Amino acid sequence: MDGIFYPPEDRAAENLKAHSEKLAREHIRREAYLEELAFEASDMIVSMYEDGVGAEEAISVISSSFFGEGLSDTGVKAPLSALKIADKVLFSELLCEKMADKGKKLKEDDFLGDKVPGQRFTYVKNIYSDEAYDVFSSEFTYPTVSYSTSFRTACETVVRGDSDYCILPAEEAGGIRIPSVYNLMALYDLKISDMTRVFGPDGNSDLRFAMLSRGYRIPPYDDGDDRYLEVRFGEGGDAGRDVFAAEMMGNRLYRMNTVTDENGIPVFSAAFRTESPDYVSYLVYLSLFSPGCTFIGIYRNIE
């Protein structure tokens, strides 16, 4: 029987081709509907701007009240699930375009809350954290430092407002995340402002330390930079769907972790990497379709 090939029946092949052409026409029509929807949504957001509503709050209103059956679950799970994600991704990108067309371009700052104004650091003193402090503090004009007795104390010092940043070890050699540190970050709702590699006095340690704060410090974009967005997904959300959406937008999954919240419930977090100028489209997507998520930070791995 080797070498025998049975071609498909002509009618089946023709039907498949005709169906593919029909799907292509339907896809074009669907994109037009999404573009119209994005235009109407951008009008509503601009109108809310005029009433003093910020971008994140305005998009929250859109998320809770704007969408009807077009982007909702249909009960047909398998073939439509990927299509629904593609719709949401495209809508998020189109909404960014329409806002820019109206002179109201969305920015990362619109989604990342309070900024950190100060330059006060704290950390548990040792040769490795001293090295990390030397790297982080070089980004500031007048940094000051105090020392903490434990990682938890360092976090609490920042939460109280006695320091602006704490420096904690984030990864062991080989890129293994330190679970106790990430649990502290989740417990105190601290954000990653920057990361750096630390090699120690012998040059062979290769640890990573994080600069953590209550608010956000968004690093400037330089051409060719690797910038990371880290997100903690909400309980009951669909982390797999949101990771798929990120990759559709060109944001590569860098790592995925599990942390434990204050109630002892495991929660997924993910870090994405991109060489694009910003993560705005994905921040819009998460604000619209994954409102339970928390943005852990946008940061660089600085040397």
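Is C166 buried or exposed? C166 is buried, and its relative accessible area is 0%. The model is predicted, with a mean pLDDT of 82 over the chain.

**Cysteines**
- A disulfide is a covalent bond between the sulfur atoms of two cysteines.
- The structure contains zero disulfides.
- For C166, the closest cysteine sulfur belongs to C155 and lies 4.4 Å away, which is too far for a bond; the cut-off for a disulfide is a sulfur pair within 2.5 Å.
- C293 is also buried, with a relative accessible area of 13%.

**Helix α5 and its packing**
- Helix α5 spans residues 151-160, and its buried residues are A154, C155, T157 and V158.
- These residues lie on the same side of α5, because they cover an arc of only 155° around the axis.
- The elements against which the buried residues of α5 pack are β1 (120-123), β3 (165-172), α6 (179-188) and β6 (207-213).

**Aromatic pairs**
- The count of aromatic pairs comes to 11.
- One of them joins Y228 and Y254 edge-to-face, with 4.9 Å between centres and 65° between the planes.
- Because Y228 lies in strand β7 (residues 227-232) and Y254 in strand β8 (residues 252-260), this pair ties together parts that are 26 residues apart in sequence.
- Y228 is buried, at a relative accessible area of 4%, whereas Y254 is partly exposed, at 28%.
- Y228 also pairs with Y299; these rings are stacked, at 5.6 Å centre to centre and 10° between the planes.
- Y299 lies in strand β10 (residues 294-299), so its pair with Y228 in β7 ties together parts that are 71 residues apart in sequence.
- Both Y228 and Y299 are buried.
- A cluster linked by ring pairs comprises F121, Y123, Y133, F140, Y147 and Y165.

- K98 lies in helix α3 (residues 78-101) and is buried, with a relative accessible area of 11%.
- Apart from neighbours within four places in sequence, K98 contacts E35, A38, F39 and S42.
- K102 lies over the face of F39, 3.9 Å from the ring centre.

**Model confidence**
- A pLDDT of 70 or more is reached by 83% of the residues in the chain.
- Over residues 68-81 the pLDDT is below 50, and this stretch has 10 contacts in the model beyond near neighbours in sequence.

Methods:
Residues are numbered from 1 along each chain as its sequence is written. This is a predicted model: local features need pLDDT of at least 70, side-chain atom pairs count only at pLDDT 80 or more; totals for chains, interfaces and linings use all residues. Side-chain values use heavy atoms; hydrogens and water are left out. Helices (H or I, at least four residues) and strands (E, at least two) are DSSP runs, numbered from the N terminus. Buried means under 20% relative accessible area, exposed over 50%, partly exposed in between (1.4 Å probe, protein chains only). Contact means heavy atoms within 4.5 Å. pLDDT is the predictor's confidence in each residue, from 0 to 100. The arc is that of the directions from the helix axis to the C-beta atoms. Rings of Phe, Tyr and Trp (its six-membered ring) pair if their centres lie within 6.5 Å; planes under 30 degrees apart count as stacked, over 60 as edge-to-face and the rest as tilted. A charge sits over a ring if NZ of Lys or CZ of Arg is within 6 Å of the ring centre and within 35 degrees of the ring normal.
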